Amino acid sequence: MSFRRISAMFLRHTYLYRHSFTRLIEIVYWPLLDLLLWGFVSVYITKLTSQGQTTPNFLAIFLGALILWDILFRSQQGISVSFLEEVWARNFLNLFVSPLTISEYLVSLMLVSLFKVVVVFLVSSLLAWLLYSFNLFIIGLHLLPFMINLIIMGWSIGLLTTAFILRFGQQAEVLAWGIAVLFQPVSAVFYPVSVLPHFLQVIASYVPASYVFEGMRAVIMGQSFPSGYLLKSFGLNFVYLVLALILFFHMFRVVKVKGLLVHMGE
Amino acid sequence: MRLESSPVLEVNKLSKSFNSFQAVKEVSFELYRGEILGLLGPNGAGKTTIIHMLLGLTLPTSGEIRIFGLNPEKSRQREKILGRMNFSSTYVAMPYSLKVRESLMVFAGLYGVKKPRQKIDALIEQFDLKDSANKAVRTLSSGQMTRLNLAKAFINDPEILLLDEPTASLDPDIADRTRNYLIEVKKTKNMAILYTSHNMREMEAISDHLLFLHHGEIIARGTPAEVVRHFRGENLEEVFLKIAREVEV
């Protein structure tokens, strides 16, 4: 064992943190988000038990939430990871010297994302039914607008991520895996929005997914479906998708002016 | 000899600055059908930046580009232009998880090639990719990858071909066959080719005309013999070394 060689390798990895702000942030990012998410789940369960309320069907709520959250996550990854595939393969330039337009490229990414979502949804639903006798389709017809909303929110986050990767290069790659999870605590995936502190409730009210998960819980618990939630979710999603598209097209032009596009694929 | 009066590509006072650094300074040139125009110059001379601007990957700071008489900065015209030209660079690869044939199939779709299977078979034959046609791109050697890139570049039978160091990682045999192929298609298909290479013998052998770039400016132009004469050198390699080393010429 050579201490010198071990320290050389230690240095090799710590140098990365010196040069990359995103890597530095990553050290605290994941533990913080885990703490927030599971902290609020614990608060929710504690509240229910201490108030002597009827325990809801946790299996249905958690599994349903997990499957629906995966729709949002895969939808986002369908955009940003498919984009990164071209960057990693150094194929990016070949695409944009072909007659392919940026709009056509984005539509193709959205289709890939849709394909991934459908496959993941079918596999997860089948496994949940086989392993836990949980039938997600008890949500009924509401499932479709829920899914559409989550897919659109995933696309907006995917476009946002991709715009940042375009602008800041591969050091922003971490966003492809991390940015959707940032929305998880305020999307009230596993607990109602009311569990969150007031300022996070305000933020949650601007997150389309929070309305979907509130709606899902209401349906699973046999309550009436709050259609106003769905409208708010669609409204917010429309605004965010338009903003994400504007940002993406703007960034695409900026990187062409700065000559950064060519470094994407080289 | 320039075969016809109207060029397929016209560049007029093209400049590109990155903050305070001026990468390309008021460059003007024309490319005609049936011509191979070599872009020559040391690293950082501006060759690749010019090619990227021609492809619309980098926007010029000033100046004008006309390809087939169209303006590539206008998106509808850009689409038309790019369907009639193609590009290959040693520094750009192909989708590594796909097989060679699948990869070419994708590009055949992007370029709207009719009868893509027949075209791909012909390209696989032409670029000696038969043995690797069903292999994943990631398993190819650098020479095979370059040949695949070249096959991609010919997928739409381009009228203008931009080649950035296309023979850099080819063995002498394949490089020679590639050069001969380029000379042949230039003649038979009346193709216009813009070519960069650091191989001076290759540039002398293949180029009808040369543009010698240094610090973003054209410092000489003409046939290879004219450029060598202009710098009072023995050959292009000697001229290149003098300029790259900033020797007074």
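Colleague: Where does B:Ser97 lie?

Modeller: In a loop of chain B, between strand E5 (85–89) and helix H3 (100–110). Keep in mind that this is a predicted model.

Colleague: Is B:Ser97 buried or exposed?

Modeller: Exposed. B:Ser97 has 12 other C-beta atoms within 10 Å, and a residue with 12 or fewer counts as exposed.

Colleague: Leaving aside neighbours within four places in sequence, what is B:Ser97 in contact with?

Modeller: B:Ala136 and B:Arg138. Take B:Ala136: that residue is 39 residues away along the chain. The C-alpha atoms of B:Ser97 and B:Ala136 are separated by 6.0 Å.

Colleague: How is chain B divided into domains?

Modeller: Domain 1 covers 1–84 + 158–249, and domain 2 covers 91–157.

Colleague: How many residues of domain 1 of chain B are in contact with domain 2 of chain B?

Modeller: Ten, and they meet eleven residues of domain 2 of chain B. By class, the domain 1 side in chain B has five nonpolar, three polar and two charged residues.

Colleague: And the C-alpha centres of the two domains of chain B, how many Å apart do they lie?

Modeller: 24 Å for domain 1 and domain 2 of chain B.

Colleague: Switching to chain A. How many helices and strands are there?

Modeller: Eleven helices and zero strands in chain A. The C-alpha atoms of chain A fill a box of roughly 60 × 55 × 40 Å along the principal axes.

Colleague: What percentage of the residues in chain A are buried?

Modeller: Buried residues are 36% of the 266 in chain A. As for contacts in chain A between residues at least 6 apart in sequence, 78% join residues at least 24 apart.

Colleague: What about helix H1 of chain A, how many residues does it have?

Modeller: H1 of chain A has 17 residues, running 3–19. From first C-alpha to last, H1 of chain A reaches 24 Å, close to the 24 Å expected at 1.5 Å a residue.

Colleague: Why does H1(A) lie largely in the open?

Modeller: Because the number of buried residues among the 17 of H1(A) is zero.

Colleague: Last topic, the two chains. How many residues of chain A are in contact with chain B?

Modeller: 19 residues of chain A, against 21 residues of chain B.

Colleague: Which helices of chain A each supply at least two residues of that side?

Modeller: Helix H4 (92–96), helix H10 (227–258) and helix H11 (261–264) of chain A. The side of chain A that touches chain B divides into nine nonpolar, six polar and four charged residues.

Methods: Residues are numbered from 1 along each chain as its sequence is written. Chains are lettered from A and ligands numbered from 1 in the order in which they are written. This is a predicted model: local features need pLDDT of at least 70, side-chain atom pairs count only at pLDDT 80 or more; totals for chains, interfaces and linings use all residues. Helices (H or I, at least four residues) and strands (E, at least two) are DSSP runs, numbered from the N terminus. A residue is buried if 20 or more other C-beta atoms lie within 10 Å of its own, exposed if 12 or fewer, and partly exposed in between; C-beta atoms are placed from the backbone. Two residues are in contact if their C-beta atoms, placed from the backbone, lie within 7 Å. The expected span of a helix is 1.5 Å times one less than its number of residues. Domain bounds come from an automatic or database domain assignment. Ala, Val, Leu, Ile, Met, Phe, Trp, Tyr, Cys and Pro count as nonpolar, Asp, Glu, Lys and Arg as charged, and the others, Gly among them, as polar.
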